[in-house]
Amino acid sequence: MTQKPTACLALADGTIFYGVGFGATGETVAELCFNTAMTGYQEIMTDPSYAGQVVTFTFPHIGNTGVTPEDDETADPVAEGMVVKWDPTEPSNWRMTQNLTSWLESRNRIGMGGIDTRRLTRAIRQQGAPHVALAHDPEGNFDIAALVQKARDFAGLEGLDLAKEVTCAQSYSWNETRWAWPDGFGTQTEPRHKVVAIDFGAKRNILRCLASAGCDVTVLPATATAEDVLALNPDGVFLSNGPGDPAATGEYAVPMIKGVLGADIPVFGICLGHQMLALALGAKTIKMNHGHHGANHPVKDKETGKVEITSMNHGFTVDAQTLPAGVIETHVSLFDGSNCGIKVADRPVFSVQYHPEASPGPQDSYYLFERFAAAMDA
């Protein structure tokens, strides 16, 4: 007797995938992307950059190390759901406090296993990130026509400002440093620099890296103005990662960044912060076909010739052709040549498209935090 499917993934073009549901029950509508990382599924699900997206994992064994609160990048999962090849098995890891299925269920996120993720990934690559409806019903009852229509009705991420939905409600201070064996997380007790971090959807490990680099970090909401930032008299300003269309978030973020640039202090941006800095400097951003999502992306530092293995998560990119005079392209993707870093000539203002705090190299990109600290020293 074959088991009745308990999960269904409906693409806007009418393609249907059936599988086995786990985690929460119900339906969700989102953009579908794929991630090639072999580890870090919990960090991926709790990365605010994935707001409005369902993640397909190309690595088949997801869930095998369980979950632990230490690995959350924000309080709750932000990705809408997950699609995997194998149903999560019984996990084994000394740090684990919960299994993936119960964690997803308690946080109202749908999981789906038992499908051909290679075929699904091929579809994403060929047609661009599709709009989908993901449903989990233990009884296996699905209204396919309605699910396809919901996928078609999804407006998509272009023109969408999601930073406002994932940013902090009010400002707070941060002094926790990076995890290290055997003590776990540390505390920064002797900071050298006062940094204001703008939270467009910041990952906790970015804040830890800033603290480890000697920074006393104050986090402000995405909607903070240049006056709010400069009133704190910072030695430097950090622009965080985040979800959605940079042009939409830029409506209010770009004037703030321009005001900060006018104050002539060091500025460092990551991911959405990189895209927003580029917009403030006069460049443009564009939506990518299927984006970059993974922990093995080679990026070349054009200034040193060094290649870094980086972690990436973005569906938009800075159009290098639109960079104005005085703004230099510093890093490029070796996969497709897309822009991965910029700096302002003769000024301590720089940003990268990838995630140095995710440590895929594992330390290939940590120098960026040290560069930011050195700029504040100077």
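Good morning. A search of the whole structure finds 11 salt bridges, a salt bridge being a side-chain nitrogen of Lys or Arg within 4 Å of a carboxyl oxygen of Asp or Glu. Before I turn to them, a word on the source: this is a predicted model, in which local features need pLDDT of at least 70, side-chain atom pairs count only at pLDDT 80 or more, and totals for chains, interfaces and linings use all residues. Residues are numbered from 1 along each chain as its sequence is written, and side-chain values use heavy atoms, with hydrogens and water left out.

Let us begin with Arg95 and Asp71, whose side chains meet in a salt bridge at 2.9 Å, N to O. This pair links distant parts of the chain, 24 residues apart: Arg95 is in the loop between strand E5 (81-83) and helix H2 (100-106), and Asp71 is in the loop between strand E4 (53-57) and E5. Helices (H or I, at least four residues) and strands (E, at least two) are DSSP runs, numbered from the N terminus. Is Asp71 buried or exposed? Asp71 counts as buried because its relative accessibility is 18%, whereas Arg95 is partly exposed at 22%. Here buried means under 20% relative accessible area, exposed means over 50%, and partly exposed lies in between, with a 1.4 Å probe and protein chains only.

A second salt bridge joins Glu329 and Lys302, with the closest N and O atoms 3.0 Å apart. Glu329 belongs to strand E15 (residues 327-333), while Lys302 is in the loop between E13 and strand E14 (307-318); the two are 27 residues apart, and the pair links distant parts of the chain. Glu329 counts as buried at 19% relative accessibility, and Lys302 as partly exposed at 45%.

Asp264 is exposed, with a relative accessible area of 53%, and Arg347 is partly exposed at 30%. The backbone of Asp264 also deserves attention, for its phi is near 60°, a positive value in a residue other than glycine. Asp346 likewise has a positive phi of about 60° although it is not a glycine. Asp346 lies in the loop between strand E16 (339-344) and strand E17 (349-352), and at 81% relative accessibility Asp346 counts as exposed.

Next, the cysteines. How many disulfides does a search of the whole structure find? The search finds zero, where a disulfide is a pair of cysteine sulfur atoms within 2.5 Å. For Cys209, the nearest cysteine sulfur is that of Cys215, 10 Å away, and Cys209 is in no disulfide. Cys209 counts as buried, at 1% relative accessibility. Cys340 is in no disulfide either, the nearest cysteine sulfur being that of Cys271, 10 Å away. Cys340 is buried too, at 0% relative accessibility.

I now move to a covered region. Helix H9 (residues 272-281) has nine of its 10 residues buried, among them Leu272, His274 and Met276. Just after H9, Gly282 takes a positive phi of about 110°. Another glycine, Gly294, lies in strand E13 (residues 285-301) and is buried, with a relative accessible area of 2%. Leaving aside neighbours within four places in sequence, Gly294 is in contact (heavy atoms within 4.5 Å) with residues including Asn35, Ala37 and Met312.

One more loop remains, that between strand E8 (172-174) and strand E9 (193-199), where Trp179 is found. Pro182 has its place in the loop between E8 and E9, and the peptide bond from Trp181 to Pro182 is cis, with omega near 0°. Trp179 is partly exposed, at 34% relative accessible area.

Finally, the chain as a whole. The chain has 10 helices and 17 strands. Buried residues make up 56% of its 378 residues. Along the principal axes, the C-alpha atoms fill a box of roughly 70 × 45 × 40 Å. Among contacts between residues at least 6 apart in sequence, 74% join residues at least 24 apart. Thank you.
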